[in-house]
Amino acid sequence: MPHEVLIVGGGFAGLACARGLGRAPLRVTLVDRRNFHLFQPLLYQVATGGLSPANIAAPLRDVLKRQDNTTVLLGEVASLDLAARRLRLADGEGLGWDTLVLATGAGHHYFGRGDWERLAPGLKTVEDATEVRRRVLAAFEAAERETDPRRRAAWLTFVVVGGGPTGVELAGALGEIARHTLRRNFRRFDPAQARVLLVEGGERVLPSYPPGLSARATRSLVRLGIEVLTRTRLTDV
């Protein structure tokens with residue numbers, strides 16, 4: 001019997017692993033609860049209306065269809081028995097392995113404040129992105145109907161927490177929407193009045209990048225009218 005490799009997760013790591021084993025004398029099974037690979041770095045474009053979800057999602061079966069040694073299964077893992085080398089899916093099906101690769105990705109971190117999730121969605125899934133897009137566009141629509149200047153200003157205030165790549169890209173895209181994309185689309189207010197704040201607890205945005213790139217990113221954000229707040233921590237929502 002050929003060696004059985006079971007990969008859980010069709011994200012970047014899981015898909016790269018499966019493709020790397022495409023010509024090996026093995027039997028590879030890739031399991032994911034979604035039947036597509038999502039290009040997460042461009043989720044901010046979906047969240048701001050620049051792309052549709054179909055533009056950043058590729059069917060896993062199509063990506064791996066030329067690999068005769070690879071099987072793709074749609075399913076969600078319910079339990080693992082490491083001693084018996086058996087995995088059980090939510091529908092009850094069991095799968096065995098000789099080598100197990102867990103590449104299930106990362107979730108959102110709300111610093112122990114799970115109640116924030118309902119108020120402030122993250123940006124890891126297509127559903128997250130479409131919900132952010134809905135809230136952003138609904139805020140501009142509400143501002144068009146609002147007659148109270150203070151309430152209108154509230155509708156036009158957007159706060160992005162986290163100055164990593166996703167936060168920087170999302171804040172910049174919001175600035176582009178307000179100052180360029182939606183220009184002249186409304187009659188009762190100027191979309192450029194929107195206020196976008198990027199909040200980062202560290203000393204600079206893009207802390208994993210060289211300081212020079214962080215400084216350039218900050219300058220670009222400021223030119224878009226983004227208020228960059230570093231050394232600033234969120235305490236409540």
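This is a dialogue on reading the features of one predicted model.

Reader: What should I know about the model before I start?

Author: The model is predicted, so residues are numbered from 1 along each chain as its sequence is written, local features need pLDDT of at least 70, side-chain atom pairs count only at pLDDT 80 or more, and totals for chains, interfaces and linings use all residues. Side-chain values use heavy atoms, with hydrogens and water left out.

Reader: How many helices and strands does the secondary structure of the chain come to?

Author: Helices (H or I, at least four residues) and strands (E, at least two) are DSSP runs, numbered from the N terminus. Here you get eight helices and 12 strands. The C-alpha trace spans about 70 × 35 × 35 Å along its principal axes.

Reader: And what share of the residues of the chain count as buried?

Author: Buried means under 20% relative accessible area, exposed over 50%, and partly exposed in between (1.4 Å probe, protein chains only). By that rule, 36% of the 237 residues are buried. For surface area, the method is Shrake-Rupley with a 1.4 Å probe, and for residues only the protein chains shown count as cover. The chain exposes about 14,200 Å², with carbon and sulfur atoms supplying 51% of that.

Reader: What share of the contacts in the chain with a separation of 6 or more comes from residues 24 or more positions apart?

Author: A contact means heavy atoms within 4.5 Å. Of the contacts with a separation of 6 or more, 59% come from residues 24 or more positions apart.

Reader: Charges next. How far apart are the mean positions of the positive and negative charges?

Author: Lys and Arg count as positive, Asp and Glu as negative, while His and the chain ends are not counted. Each charge is placed at NZ of Lys, CZ of Arg, CG of Asp or CD of Glu. The chain has 33 positive and 25 negative charges, and their mean positions are 6 Å apart.

Reader: On to sheets. What is the strand order in the open sheet of four strands?

Author: Two strands pair if DSSP finds at least two bridges between them. The order is E5-E2-E1-E9, and the pairing is parallel. Strand E5 (70-74) and E9 are at the edges with a single partner strand each, so one side of each has no neighbour in the sheet. From one strand to the next, the twist averages 15°. Angles like this run from 0 to 180 degrees between N-to-C directions, and axes are lines fitted to C-alpha atoms, for helices over the stretch in contact.

Reader: Which residue of E9 is the bridge partner of Val5?

Author: That's Thr99. Strand E1 (residues 3-8) and E9 run parallel and are joined by four bridges.

Reader: Ile7 lies in strand E1 too. Is Ile7 buried or exposed?

Author: Ile7 is buried, at a relative accessible area of 0%. Leaving aside neighbours within four places in sequence, its contacts include Cys17, Val28, Leu30 and Val101. Thr29 is another contact of Ile7; the two are 22 residues apart in sequence, yet 6.1 Å apart C-alpha to C-alpha.

Reader: What about the open sheet of three strands: what is its order?

Author: E10-E11-E12, with parallel pairing. E10 and strand E12 (227-229) are the edge strands, each pairing on one side only. The twist averages 20° from one strand to the next. E10 and E11 pair over five bridges, and E11 is joined to E12 by three.

Reader: Which strands does H7 lie across?

Author: H7 lies across E10 and E11, at about 170° to E11. Four of the five residues of E11 are buried. Among the buried residues of H7 are Val168, Leu170, Leu174 and Ile177. Their cover includes helix H5 (126-145), strand E10 (157-161) and helix H8 (211-223).
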